[in-house]
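Have a look at it first, and then we'll go through some of its parts.

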Amino acid sequence: MGGLPWAVSIEPTTSCNLSCPECPSGLKKFTRPTGNMDIEIYRSIIDQLSPHLIYLTLYFQGEPMLNRYFFEMIKHAKKHRIFVATSTNGHFLNDENARLMVESGLDKLIISLDGIDQETYQKYRVGGNLEIVKQGIANVIKWKKKLGRPHPYVELQFLVLGTNEHQVKQVKEFARATRADKLSLKSAQLYDYSSGNPLLTSFSKFSRYQPVPGGSLTLKSKLPDYCHRIWHSQVITWDGKIVPCCFDKDADHILGDLSKETFAQIRKGPVYRAFREKVFHYRKEVEICSNCSEGL
């Protein structure tokens, strides 16, 4: 099983209930087919990868809890002793789902919280309701305590943006009050940034971009010709296609199809080898790498 990844991201669905401005799911602007992963396809993928798979992220694009098999997906991976994490916008963590989340065996739950009042929150999480999200967080914490479970590890994720940077102190206080396990202040990937963007934060520490002579902005990363993620991890779309990483949101670089080949065949095949060769020699020519701040 040499050369196969120990971490994968699997996409339960491309559907989402929100309309976030920097997300193809929210904007409904995918150029690839959209849909929900079938449970049988999911099971076959997990069964195939389980001998070497350590870490599963049950998320790529979309809101994963919109897949009706979501909890079954977690349980099946846990049968194989795989660490399972997921990321949600928090709108479906009602009392029943929060209980099911804790009982499923999920190891890590990331909940997006990009504002501490409704006015600020909805500037990015368009169509969202902050009070529902806050209640969802409380529900999960409650059921962890009630069932005596240490998991899921609850991580609140706050994208530091120009619209919410004034609330960093407040979100830290909120995270402490909720007794979440962790608060992550994250930088945001923006599609249109070279000439400025109202979502760009003024906090250099939390910006992936920097000014250059002439007044425009550029990515901080120098994009060297290497990427460790291409070796140890992988992304699988809802319909079983393999793409290089989470920056290929539209699946422009399909490396293989698990309905036609095994994972090992794809990783060792000519398409995958050619893409890997390009990354390690001409990475700046790979479009999905041009806005990348990871894998370095």
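Let's begin with D257, which is buried because its relative accessible area is 11% (buried means under 20% relative accessible area, exposed over 50%, and partly exposed in between, with a 1.4 Å probe and protein chains only). This is a predicted model, where local features need pLDDT of at least 70 and side-chain atom pairs count only at pLDDT 80 or more, while totals for chains, interfaces and linings use all residues. Residues are numbered from 1 along each chain as its sequence is written, and side-chain values use heavy atoms, with hydrogens and water left out.

You'll find D257 in strand 11 (helices, H or I with at least four residues, and strands, E with at least two, are DSSP runs numbered from the N terminus). Leaving aside neighbours within four places in sequence, D257 is in contact with D239, G240, K241 and I266 (contact means heavy atoms within 4.5 Å). S187 is another story: D257 and S187 sit 70 residues apart in sequence and 32 Å apart in space, C-alpha to C-alpha.

| Strands | Sense | Bridges |
|---|---|---|
| Strand 4 (residues 108-112) and strand 5 | parallel | five |
| Strand 5 and strand 6 (residues 182-186) | parallel | five |
| Strand 2 (residues 55-57) and strand 3 (residues 83-88) | parallel | three |

Strand 5 (residues 153-159) is mostly covered, with six of its seven residues buried.

The loop between strand 5 and helix 7 (168-178) holds T163. Is T163 buried or exposed? T163 counts as buried because its relative accessible area is 16%. Not counting residues up to four places away in sequence, T163 touches T120, K123, P198 and L199.

**The core**

The largest nonpolar core has 78 residues, and I10, Y42 and L56 touch the most other members (such a core is a set of buried Ala, Val, Leu, Ile, Met, Phe, Trp, Tyr and Cys residues joined through side-chain atoms within 4.5 Å). Helix 6 (residues 130-147) gives the most to this core, with six residues. Beyond its neighbours within four places in sequence, I10 has contacts that include M37, Y42, L56, F60 and I236.

A cavity is a set of points on a 1 Å grid over the protein atoms alone where a 1.4 Å probe fits but cannot get out; a pocket is an open set with protein on both sides within 12 Å along at least five of seven lines, and lining residues have an atom within 4 Å of a point. A volume is the space filled by probe spheres set on the points, which are joined across faces, edges and corners.

There are two cavities of 30 Å³ or more. The second largest cavity holds about 50 Å³ of space, and its lining includes S187 and L199. The second largest pocket has a volume of about 220 Å³. Among the residues that line this pocket are P24, Y191, D248 and K249.

Note on methods:
Two strands pair if DSSP finds at least two bridges between them.
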